[in-house]
Amino acid sequence: MSLELSMDFQFKSSIEKLWSAISDSNKLAKWVADNDFKPVVGHRFQFRHAPSEYWDGIVDGEVIVVDEPNRLSYTWSTGDEKHTVTLTLHDLGDGKVNLHLEQTGFSNVHGLEGARYGWSEWVVELAKLLEQ
């Protein structure tokens, strides 16, 4: 059985600024992790988190969709898990943008809930980045 995470976040930002925050390697490093990301379909990259006793901290990915400034999608692989992350931006007008996040391919609820926690923490840092 494959489980799916779906979350929405609203930010006071322009869609262009939010796009930059989700697609620029230096900005991603400020709210997700060190990385070698490039918004180019087929580009393989890594997010490098701090390792723990349970995990080496490495997420391998490959960019699969780039539709600037509307949608970005990439694979997210760690251990035996391989997911697809899709970030969709929608300009709400009045200086607000919705970020819809979908992460699919979870094999168990523990991974799903871990991802929910992780993204919830990361978007706090994303909001701070957007305020700069």
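## Helix H3

In this predicted model, helix H3 buries Leu112, Ala115, Gly118, Trp119, Trp122, Val123, Leu126, Leu129 and Leu130. Several elements take part in covering these buried residues, including strand S1 (3-12), helix H1 (15-23) and helix H2 (25-31). Strands S5, S6 and S7 are also among the elements that cover them.

H3 runs over residues 109-131. The helix has 23 residues and reaches 33 Å from its first C-alpha to its last. That is close to the 33 Å expected at 1.5 Å a residue. At the start of H3, a side-chain oxygen of Asn108 comes to within 3.0 Å of the backbone nitrogen of His110.

## The largest pocket

The largest pocket has a volume of about 430 Å³. Its lining counts 21 residues. Nearest the centre lie Trp55, Trp76, Thr78, Gly111 and Ala115. Ala115 is also one of the buried residues of H3.

H3 gives the largest share of the lining, eight residues. Strand S5 (71-78), strand S6 (81-93) and strand S7 (96-106) each supply at least two residues. By class, the lining holds nine nonpolar, nine polar and three charged residues.

## Ser73 in strand S5

Strand S5 contains Ser73. Ser73 counts as buried because its relative accessible area is 3%, under the 20% cut-off. Its side chain makes a polar contact with the side chain of Thr86, at 2.9 Å.

Leaving aside residues up to four places away in sequence, Ser73 touches Glu62, Val63, Ile64 and Val65, among others. Thr84, Val85 and Thr86 are also touched by Ser73.

Notes:
Residues are numbered from 1 along each chain as its sequence is written. This is a predicted model: local features need pLDDT of at least 70, side-chain atom pairs count only at pLDDT 80 or more; totals for chains, interfaces and linings use all residues. Side-chain values use heavy atoms; hydrogens and water are left out. On a 1 Å grid over the protein atoms alone, a cavity is a set of points where a 1.4 Å probe fits but cannot get out, and a pocket is an open set with protein on both sides within 12 Å along at least five of seven lines; lining residues have an atom within 4 Å of a point. Grid points are joined across faces, edges and corners, and a volume is the space filled by probe spheres set on the points. Helices (H or I, at least four residues) and strands (E, at least two) are DSSP runs, numbered from the N terminus. Ala, Val, Leu, Ile, Met, Phe, Trp, Tyr, Cys and Pro count as nonpolar, Asp, Glu, Lys and Arg as charged, and the others, Gly among them, as polar. The expected span of a helix is 1.5 Å times one less than its number of residues. Buried means under 20% relative accessible area, exposed over 50%, partly exposed in between (1.4 Å probe, protein chains only). Contact means heavy atoms within 4.5 Å. A polar contact is a pair of N or O atoms within 3.5 Å; within protein, one must be able to donate a hydrogen and the other to accept it, and residues adjacent in sequence count only if both atoms are side-chain atoms.
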